[in-house]
Amino acid sequence: MYNTASVNNQKWRDMKKLLQSVTVLSLFVAAVFVGSHTNAQSTGLGVNPRKDLTVYPGKSVSDQLYISNLNKNVATKVNLNVVDFKSNGETGTPALQLQENAPQTPWSLKPFITLPKTIELGPGESKYIPFSIRIPEGQGAGSYYSAIKYDPQPGEGSDTVVISGAPSQLVFVTVPGKATELMNLKKFGGYDIKDNQENGSFKSLYIGSQPQKLAYLLQNAGNVAESPSGSIQIKNIFGKQVKFIKNANPKENLALIDQTRRFEVCIESETKEVKQDGRTTKVESCKNPGLLPGIYRAHMSLFYGINGSNTQEINATTTIWYLPLWFIGVILVVLAALAFAIYKIRAKLVGTKTHKRKGKK
Amino acid sequence: MLQKIEWLRALKTKPKRTAIVVMVGVIAFGLVWSVTQQADAVRFQNRGMYINSARGGDTTYYVISLQYTTPANVGSLRLEFCDNPIPSLPCNIPPGLDVSSGTLAAQSGETGFSIGEQTQNLIVLTRPPSMTGPALSSYRFDNMHNPDGTHQDFYVRMTSHASTDGSGPLIDYGSVTATTTPEIELTTQVPPILIFCVAQQINDDDCTDMQGNFVNFGELTPNQTFYTSSEIQARTNAQYGYSIAVTGTTMTSGVRAIPAITTPTESFQGVGQFGLNLADNNSPDIGANPTGPGINGNVVAPYNESNKFLFNSGDIVATSDNVTRTRKYTASYIVNVPADQPPGVYSTTITYTCLAGF
């Protein structure tokens with residue numbers, strides 16, 4: 001009995017040990033699971049959105065990419081992928097070439113850029129990642145550009161939609177020299193676009209409201225991503241300048257290679273300084289230009305050309321009619337009054353003549 | 001008075017002739033106005049400028065090249081450095097620019113020039129007047145001081161004259177443009193930043209507190225629409241704004257797939273469908289319109305249509321066109337399966353890519 005009890009006690013102790021071991025193992029497994037699960041947590045990243053560099057043929061430039069893991073609780077691994085992009089319509093929205101078999105674009109930076117494939121970031125950690133761009137001797141002048149896509153390493157799941165967020169940075173490199181630069185003006189005129197719409201419409205007759213914005217379409221047929229500069233003068237029907245737009249491309253927008261890009265500019269603008277994330281940025285918005293009703297001509301002089309290449313010039317003129325309804329109403333009333341006056345005078349004259357004829361009879 | 005009365009009588013007796021005279025007058029005025037407005041003078045051909053170091057504030061050399069268009073006796077070439085290219089407008093000196101110490105170091109094509117007059121933003125080249133030819137001419141100026149700042153556009157207004165001092169009637173004219181662009185970006189203030197996060201749930205404006213990197217539909221059956229949602233948040237202080245693209249595949253299990261909706265379509269039970277939108281829906285009741293102060297961040301059509309879903313890899317789903325404060329978008333996903341959908345574990349990875357504009 002004692003022995004049996006002793007054996008039972010021994011069994012109980014063994015079982016207890018086993019239970020303890022299982023519990024410890026379970027906790028360990030759970031910890032590993034939680035760890036891997038945590039590793040697959042969603043990430044928030046902060047990056048510099050764009051970088052513009054000038055690199056001469058035969059030279060290289062070393063610089064740094066900034067990346068910050070915003071999640072203060074979870075470490076993350078991020079893959080750095082160079083992806084080509086093209087334009088997406090008339091706007092400044094890039095279209096990443098993410099298809100597996102997407103051919104390399106003629107303006108791709110892929111052959112010239114060197115950067116690490118993967119980086120690790122601790123919770124809340126920010127890093128500067130060194131990278132370099134080398135342009136070989138004899139490389140033609142022009143623009144070369146791609147995007148650096150920061151892909152957090154994917155998590156896992158079953159029966160699920162795994163979601164991932166990848167911010168990207170556009171990198172533009174200008175290689176100075178004699179480049180092929182050609183932009184064709186496709187349209188220039190008054191432009192109406194509603195807030196939050198991608199596209200608006202060109203127009204020359206304004207009835208409901210004053211023209212606030214001009215726009216022009218440039219087709220880039222060269223090998224440089226062009227940022228034209230220049231001015232626009234608006235003159236009234238008598239040739240007197242009533243508005244002057246000093247900078248016809250205030251946001252320094254680019255027309256990518258092969259793109260037909262729309263550039264928009266306010267006739268009269270107000271500039272606000274917006275402070276955000278430690279940076280002050282000037283934001284321009286259109287306001288009522290205070291034009292009187294009438295016919296106006298806008299004369300635009302645009303210039304483009306990279307350093308060392310010929311300066312190209314585009315000149316264009318457009319006519320804008322601003323005839324608000326109240327003005328049309330006033331004109332109609334004046335014309336009606338004039339017609340009435342002529343009618344009355346005519347009636348009087350005819351009456352006088354009839355009287356004279358009657359008198360003669 | 002009598003004359004006026006006669007004229008008014010003429011209106012009555014000769015209305016057609018009067019109308020024709022008025023119309024011809026209006027058309028003639030319009031034509032004369034158009035022609036005079038569009039008149040152009042002769043510009044230099046193949047004009048350009050090379051700056052050896054384009055960094056703002058550097059002292060470097062410039063090479064200005066041009067082709068004289070009009071064969072004529074030219075005695076001077078006037079080069080005026082301004083902040084705008086239009087000759088009829090006042091010439092303001094680009095901030096920081098100084099060419100008063102510039103020297104003419106080399107010349108080719110039309111030669112024999114020396115500097116006749118020089119100020120902070122003006123150089124007049126002079127020579128005994130002689131006939132110009134069609135060759136490309138270039139002039140190198142040493143010791144030129146660039147305007148300050150990065151991305152500072154400036155222009156050289158050029159005119160040729162028969163006189164030797166840059167005065168009198170111009171023969172050819174034209175402007176060249178240049179921009180101060182650093183070889184390596186100079187950081188004059190905090191560089192722009194793009195903040196972006198994607199999660200099942202985002203709990204703060206700074207993307208520091210988030211939950212989940214997947215969304216689950218549960219077990220799929222043909223008589224029910226399954227739906228779920230995730231959140232996307234972005235902000236930038238860059239003037240070009242951002243765009244958000246969605247990429248991935250439809251839900252698959254090995255070689256079996258649930259068809260993606262490729263045009264905006266409502267949810268239909270019993271039909272194979274996988275799609276998403278970023279709108280506030282009531283059929284099924286899921287999703288929300290964008291929230292947050294970054295009101296210029298917007299969902300792009302057709303992903304903004306309530307109760308209509310689609311999924312095309314590579315589509316842009318949201319954009320902003322300027323500096324944009326925090327904006328949170330809710331992505332809603334739906335899936336429907338037909339009765340004959342082969343059983344399996346269906347899954348996919350959806351990636352939202354956020355890019356700056358240009």
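**Group meeting talk: a two-chain predicted model**

Let's start with one residue, B:I244. Leaving out residues up to four places away in sequence, B:I244 touches B:I232, B:A234, B:I316, B:V317, B:A318, B:Y352 and B:C354. Touching, or being in contact, means that the C-beta atoms of two residues, placed from the backbone, lie within 7 Å.

Some ground rules. This is a predicted model, where local features need pLDDT of at least 70, side-chain atom pairs count only at pLDDT 80 or more, and totals for chains, interfaces and linings use all residues. Residues are numbered from 1 along each chain as its sequence is written, while chains are lettered from A and ligands numbered from 1 in the order in which they are written.

Back to B:I244. Where does this residue belong? B:I244 is among the residues with the most contacts inside the largest nonpolar core, along with A:Y145, A:V173, B:L194 and B:V317. That core has 143 residues. A nonpolar core here is a set of buried Ala, Val, Leu, Ile, Met, Phe, Trp, Tyr and Cys residues joined through C-beta atoms within 7 Å. Buried means 20 or more other C-beta atoms within 10 Å of the residue's own; exposed means 12 or fewer, partly exposed is in between, and C-beta atoms are placed from the backbone. The largest share of this core, nine residues, comes from β11(A).

Now the two chains. Chain A has two helices and 22 strands. Chain B also comes to two helices and 22 strands. Both are DSSP runs, numbered from the N terminus: helices are H or I with at least four residues, strands are E with at least two. In chain A, 35% of the 361 residues count as buried. In chain B, 44% of the 358 residues do. Take contacts between residues at least 6 apart in sequence. In chain A, 70% of them join residues at least 24 apart. In chain B, the figure is 74%.

How do the chains meet? In this model, 75 residues of chain A are in contact with 81 residues of chain B. On the chain A side, β11(A) gives the largest share, ten residues. By class, that side has 24 nonpolar, 36 polar and 15 charged residues. For the classes, Ala, Val, Leu, Ile, Met, Phe, Trp, Tyr, Cys and Pro are nonpolar, Asp, Glu, Lys and Arg are charged, and the others, Gly among them, are polar.

Three bridges join β11(A) to β13 (residues 214–216) of chain B, and the two run antiparallel. A:V161 has B:V215 as its bridge partner in β13(B). Strands count as paired if DSSP finds at least two bridges between them. Strands of a sheet pair through backbone hydrogen bonds, either parallel or antiparallel.

For β18(B), five bridges make an antiparallel pair with β21 (residues 324–336) of chain B. There, B:N277 stands opposite B:S332.

Next, B:E231, which lies in strand β14 (residues 226–236) of chain B. Buried or exposed? B:E231 counts as buried because it has 23 C-beta neighbours inside 10 Å. Not counting residues up to four places away in sequence, B:E231 touches B:A199, B:Q201, B:I202, B:K328 and B:T330. B:E231 and B:I171 are 60 residues apart in sequence and 65 Å apart in space, C-alpha to C-alpha.

A second sheet sits in chain B. This open sheet has five strands, in the order β5-β6-β3-β8-β9, with antiparallel pairing. Its edge strands are β5 (114–118) and β9 (170–180) of chain B, each pairing on one side only. Inside the sheet, β3 (residues 73–82) and β8 (residues 152–161) of chain B pair over seven bridges. B:R78 stands opposite B:T159 in β8(B).

Last, the domains of chain A. Their bounds come from an automatic or database domain assignment. Domain 1 is 45–154 + 163–175, domain 2 is 183–323, and domain 3 is 335–361. The C-alpha centres of domain 1 and domain 2 of chain A lie 30 Å apart. Their contact takes twelve residues from domain 1 and 16 residues from domain 2.
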